[in-house]
Amino acid sequence: MLTDATIRNARPQAHPRKLTDAHGLFLLVLPNGVKRWRYRYRIAGRENLYALGDYDPGKPHHLSLSAARAARDEARALVRQGIHPSQHRRAARLATVEANANTFHAMAGEWLSKKAPGWKAAYAAQVARVLASDVFPYIGALPIRDVKPAHLLAILKRAEERGSPTMGRNVRAWVGAIFKYAIATMRAEDNPAAALGGAITCPRVKHSRPLSRGELAALLAALAAYPGTPGTVAAIKLLVLTGLRTVEVREATWGEIDFERAEWLIPPGRMKGRQAHLVPLSRQALALLRELHAITGGQGYLFPSERRPVACMGSSTINGALVRMGYHGKDSDIGTSAHGFRATFSTFLN
């Protein structure tokens, strides 16, 4: 049996020599003074050597006598199962490399690159921004297999505590989608987000209230008296007449309007569902568009920005006009919002 003193005082000779310990462990002393631990074992009758490490006091990789014996015992346990320790070590190293490559951050980036082309640019940017600010700082560096429900719960609770429960719900959905992708590509076994369905409570959504016939008449009367720009007035009227989303009206171009066929064809890239949408135009809508055509010259956007004609009308212009007309949004008893026209349009049609 070796002792620390024997190992420490072992001097190199002209040829390598072995200092034997027990159960296959020995120290190989090389002519250059390097001392290396080796473990000799047999599997299927064949002798093998396994390198444990170096005896090198003062160096980070130093393996003392007690540490070498512990490493030998771990190797012996593998040998008893018919496993070569060197192969087991290689497999463990490969697993570590794979885990480091498949961090949550890397997996989220891969998922985003697959999904973002099918989304609107603004939505893709929002998902990337929220993941970068609310998720990656906490679990981005973790191998995706190591992310647990407790990690995700802490992220959701932080969103809830700062008054953003709806964003917390979105984060859970996005993280869950990332894990589903990881499972589908054999980089994860389960989805920890699935266990957090009731983790946060979102406020009940208050939908825009449809206007009654009388309220709609009052709104149109107020609109006729509104001193705003003709473009803003026309945009509000077109929302009422078509039931489209505000962004679909604001970003409309003259190339989408067919006066002869009385149709408005919105391309897939501008629709929420990413499918082309054909809007039949009523007599009133056509008359409105012809008036607008004379104002804008029929080039570019139907509703160009007042400040930057190369861009479309700003996102707050229409709701701002409604507020100035006395309609204060969906939280008001008498109010509405631009999005609320869709509810009114649907109610009348139904």
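I began with the rule for aromatic pairs, under which rings of Phe, Tyr and Trp (its six-membered ring) pair if their centres lie within 6.5 Å, with planes under 30 degrees apart counted as stacked, over 60 as edge-to-face and the rest as tilted. By that rule Trp-111, Trp-119, Tyr-123 and Trp-174 form one aromatic cluster.

I noted that this is a predicted model, in which local features need pLDDT of at least 70 and side-chain atom pairs count only at pLDDT 80 or more, while totals for chains, interfaces and linings use all residues. Residues are numbered from 1 along each chain as its sequence is written, and side-chain values use heavy atoms, with hydrogens and water left out.

**The chain as a whole**

I looked up the secondary structure and found 13 helices and seven strands in the protein chain; helices (H or I, at least four residues) and strands (E, at least two) are DSSP runs, numbered from the N terminus. Of the 350 residues, 38% count as buried, where buried means under 20% relative accessible area, exposed over 50% and partly exposed in between (1.4 Å probe, protein chains only). The protein chain exposes about 20000 Å², and carbon and sulfur atoms supply 55% of that area; accessible areas come from the Shrake-Rupley method with a 1.4 Å probe, and for residues only the protein chains shown count as cover. Among contacts with a separation of 6 or more, 53% are between residues 24 or more positions apart, a contact being heavy atoms within 4.5 Å.

**The sheet**

I then followed an open sheet of four strands, which has the order β1-β2-β3-β4 and antiparallel pairing; two strands pair if DSSP finds at least two bridges between them. Its edge strands are β1 (17-20) and β4 (46-55), each of which pairs on one side only. From one strand to the next the twist averages 30°, with axes taken as lines fitted to C-alpha atoms (for helices over the stretch in contact) and angles running from 0 to 180 degrees between N-to-C directions.

I saw that helix α2 (residues 65-80) packs on this sheet, where α2 touches β2 (25-29), β3 and β4, and that the direction of α2 makes about 20° with that of β3. Strand β3 (residues 35-43) is joined to β4 by nine bridges, the two running antiparallel, and Ile-43 has Arg-46 of β4 as its bridge partner.

The strands β1 and β2 form a hairpin with four residues between them, and His-23 in the turn has a positive phi of about 55°. I checked the cover of His-23, which is exposed, with a relative accessible area of 52%. Met-186 lies in the loop between α7 and α8 (213-225), and its phi is near 65°, a positive value in a residue other than glycine. Met-186 is exposed, with a relative accessible area of 66%.

I found that the structure holds eight aromatic pairs. One of them is the edge-to-face pair of Phe-104 and Phe-136, at 6.3 Å centre to centre and with 65° between the planes. Phe-104 lies in helix α4 (residues 104-115) and Phe-136 in helix α5 (residues 121-139), so this pair ties together parts that are 32 residues apart in sequence. Phe-104 counts as buried at 0% relative accessibility, and Phe-136 is buried too, with a relative accessible area of 17%.

I next looked at Tyr-123 and Trp-174, which form an edge-to-face pair at 6.2 Å centre to centre and with 75° between the planes. Because Tyr-123 lies in helix α5 and Trp-174 in helix α7 (residues 165-184), the pair ties together parts that are 51 residues apart in sequence. Tyr-123 is partly exposed, with a relative accessible area of 34%, whereas Trp-174 counts as buried at 6% relative accessibility.

**Around Arg-158 and Ala-159**

I noted that Arg-158 lies over the face of Tyr-138, at 3.6 Å from the ring centre. Ala-159 lies in helix α6 (residues 149-161) and counts as buried at 3% relative accessibility. Leaving out residues up to four places away in sequence, Ala-159 touches Ser-164, Pro-165 and Gly-168. Ala-159 and Asp-134 are 25 residues apart in sequence, and 8.0 Å apart in space from C-alpha to C-alpha.

Notes
A charge sits over a ring if NZ of Lys or CZ of Arg is within 6 Å of the ring centre and within 35 degrees of the ring normal.
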